[in-house]
Amino acid sequence: MVKKILSIVLWVVTAAALVVLFIFAREDYLNKPLKSIRLITETDTGFVKKSQLREELSQIYNNKNIGTVNMIAVQNHLDDNPWIENNASYVDLDGTLNVSFNEYEPTFRVFDKEGHSVYVTREGVVIPSSRIYTPYVLIASGNFDLKKDTVSYQLCDTLDSDRNIINALHWVETIEKNNFIKNCVGQLYCNNRNQFELTVRGLDTRVIVGDTLYAADKLKRLEIFMKQRIDNPETQTLKSINLNYKNQIVCTKR
């Protein structure tokens, strides 16, 4: 009986000692200065300069103890960056603030009539243009109503201002699925009637594709036409190639 009581007391004392050690170790850890900041990213597209981001975070947390690092503030700082899609942060046992983030990857760039531009991702997120980085993506220009925001936002198909951008995204996605056309198209243009036209490399001719209805079929007909007629001198005399008719290609001469 005595041995059993002694055994229980020993376990209790041991557990209490471990708790005390844990508390002291935790306090010692929290009172240590932040050692460094480590940035981790899988999508380094170029919009976010690591050196600049590290300097911003260093100014916020310079000479601060680990226990005073506000992880919500870190997240909010990265959330305010319009080119960062998602982020996560933690401080490891070594005292390093690890910040992981992914940048948005644009699929095309949109210019309105005033020259203002934004980028659009495959998921339909609009992100502002940048002074420090210009990715090589397809250009769409013309009758677009762009917000002059400096934040990123999701396109909404119920808003008239977003409709032409959404249609342009549909055309870009369809173009990318056709390897031949993808290598031929220079730009995408939306006219005042909200109909789309293509600029084709090596061809000084308006290529009218209209709305997004039967978009893949229109591009397939353009592919067939290009392969059969691109080397024909008469093709260069055409004013327009209109694919906005089902199963037809209507050409007009200059």
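The model is predicted, so local features are given at pLDDT of at least 70 and side-chain atom pairs at pLDDT 80 or more, while totals for chains, interfaces and linings use all residues. Residues are numbered from 1 along each chain as its sequence is written, and side-chain values use heavy atoms, with hydrogens and water left out.

**Cores and helix 4**

Let's start inside. A nonpolar core here is a set of buried Ala, Val, Leu, Ile, Met, Phe, Trp, Tyr and Cys residues joined through side-chain atoms within 4.5 Å. Buried stands for under 20% relative accessible area, exposed for over 50% and partly exposed for in between, with a 1.4 Å probe and protein chains only. The largest nonpolar core has 36 residues, and those touching the most other members are Phe 108, Val 110, Phe 144, Leu 188, Phe 196 and Leu 198. Helix 4 (residues 160-176) contributes the most to this core, with 6 residues. Another core lies apart from it, with 20 residues that include Ile 37, Phe 47, Leu 57 and Tyr 104.

Helices (H or I, at least four residues) and strands (E, at least two) are DSSP runs, numbered from the N terminus. The 17 residues of helix 4 reach 25 Å from first C-alpha to last, close to the 24 Å expected; that expected span is 1.5 Å times one less than the number of residues. Among the buried residues of helix 4 are Ile 165, Leu 169, Trp 171 and Ile 175. Ile 175 is also one of the residues that Leu 198 touches, as are Val 185, Val 207 and Leu 222; contact means heavy atoms within 4.5 Å.

Strand 12 (residues 238-242) is largely enclosed by the rest of the structure, because 4 of its 5 residues are buried. Two strands count as paired if DSSP finds at least two bridges between them, and the pairings of strand 12 look like this:

| Partner of strand 12 | Sense | Bridges |
|---|---|---|
| Strand 11 (residues 206-210) | parallel | 3 bridges |
| Strand 13 (residues 250-253) | antiparallel | 4 bridges |

Asn 242 stands opposite Ile 208 and also opposite Val 250 in strand 13. Strand 11, helix 6 (residues 215-229) and strand 12 form a left-handed β-α-β unit.

Lys 239 also lies in strand 12. How exposed is Lys 239? Lys 239 is partly exposed, at a relative accessible area of 47%. Its C-alpha is separated by 4.9 Å from that of Lys 253, 14 residues apart along the chain. Beyond neighbours within four places in sequence, the contacts of Lys 239 include Thr 205, Arg 206 and Lys 253.

How values were computed: Right-handed = clockwise from strand over helix to strand, strands pointing away.
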